[in-house]
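Here's a quick briefing for anyone meeting this structure for the first time. Have a look at it, then read on.

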Amino acid sequence: MLLFLFILLQIQCCRSMPNNYSKIYQDILNKISEKNIFNTIKNLQAFKTRYTLEKQNQVAEYLYNSLKKYDSLNVFYDCYEANNKLWKNVIAIRKGEQNRNKVYIACAHYDSISSKPFIFAPGADDNATGVAILLEAASILAKTRCKSTIKFVFFSNEEQGHKGSKHYVEKLKTKNENIKGVINVDTVGFVCSGLFTLPPDLKKKGILHKVFYLAKQIIKKPLFYFQLGFKNPNQILLVAGRPPNRFLVEKIYSIIKPLEVGIKKNVGPQCG
Amino acid sequence: MSFWEKDYNAVFITSFYKNPFIHTPKDTIDKLNREFLLKVARAITLTLLVLANE
């Protein structure tokens with residue numbers, strides 16, 4: 001009888017954690033350092049502005065040196081000309097050990113803007129947060145086995161016409177690489193509620209409709225998305241894609257779901 | 001996003017629609033939520049880890 005109860009208990013325990021990742025993945029995630037992320041944001045804010053060529057080049061050098069510490073990353077500048085000046089994107093490639101030609105891109109822009117762009121544009125949220133997270137992810141994945149290739153790309157001049165990313169994508173298109181997916185991280189550190197300006201007919205609707213409305217206003221393209229609520233209803237992350245490529249949005253949800261951070265999915269209305 | 005314009009399978013991850021200080025001199029580190037940032041960092045790192053090892 002005791003043996004039966006013991007077995008039953010084991011089965012229940014296993015059922016209660018069906019989605020947990022292996023200990024290896026958990027250990028890797030535990031290495032993510034909040035301190036590192038905040039130090040990077042602090043360092044990026046310390047440039048005062050990341051708007052001018054001079055400042056953006058300084059930031060590019062800071063990123064280059066931060067990534068160059070890891071032997072497994074191939075780090076280099078991707079230079080382009082705009083307004084008769086030479087600007088730099090920063091790229092770090094973690095080559096895959098089995099499927100080198102299968103490539104994922106994780107990207108973030110490192111420049112900033114404000115009403116006083118030449119004097120003070122701290123851009124802590126937009127987008128020191130995205131850069132800091134990808135630097136931390138790169139530092140961890142540099143020391144972790146990866147079957148496929150991951151490219152970490154840090155763009156200049158996003159706030160001045162997306163020049164850095166446009167240059168990179170145009171060049172990429174000519175290379176015929178097998179890009180399986182792109183994850184662009186932009187402004188992910190602020191939590192607050194009640195700050196939306198919404199049309200009256202949307203005020204009574206749920207948060208999902210509000211998020212969708214605002215995302216559409218800003219991105220101005222048909223999209224689909226899901227919203228991740230991290231237990232606290234004000235902690236909402238938007239993961240947006242464009243038709244017909246719904247696959248990656250769904251894939252990310254399925255990957256993140258088992259994390260023990262109270263994530264729940266609300267699939268937004270499909271549009272376009 | 002430049003990748004969407006060229007039809008890459010790309011996603012945009014953000015919470016920027018919530019921050020009233022974006023593009024102002026008030027977008028500073030003291031207004032960020034450490035707990036949330038750490039969760040996002042875990043989510044993105046795990047995503048890359050899983051995708052790169054499929």
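B:His23 counts as partly exposed because 17 C-beta neighbours fall inside 10 Å (buried means 20 or more other C-beta atoms within 10 Å, exposed means 12 or fewer, partly exposed is in between, and C-beta atoms are placed from the backbone). This is a predicted model, where local features need pLDDT of at least 70, side-chain atom pairs count only at pLDDT 80 or more, and totals for chains, interfaces and linings use all residues. Residues are numbered from 1 along each chain as its sequence is written, while chains are lettered from A and ligands numbered from 1 in the order in which they are written.

- Most residues other than glycine have a negative phi, and most peptide bonds are trans.
- B:His23 has a positive phi, near 60 degrees, and sits in the loop between strand 1 (10–14) and helix 2 (34–51) of chain B (helices are DSSP runs of H or I with at least four residues, strands are E runs of at least two, both numbered from the N terminus).
- A:Lys48 also has a positive phi, near 75 degrees, and is partly exposed, with 14 other C-beta atoms within 10 Å.
- Between A:Asp126 and A:Asn127 there's a cis peptide bond, with omega about 5 degrees; A:Asn127 belongs to helix 5 of chain A.

**Two helices in chain A**

- Helix 3 (residues 34–45) and helix 5 (residues 124–141) of chain A pack at about 135 degrees, their axes 8 Å apart (axes are lines fitted to C-alpha atoms, for helices over the stretch in contact, and angles run from 0 to 180 degrees between N-to-C directions).
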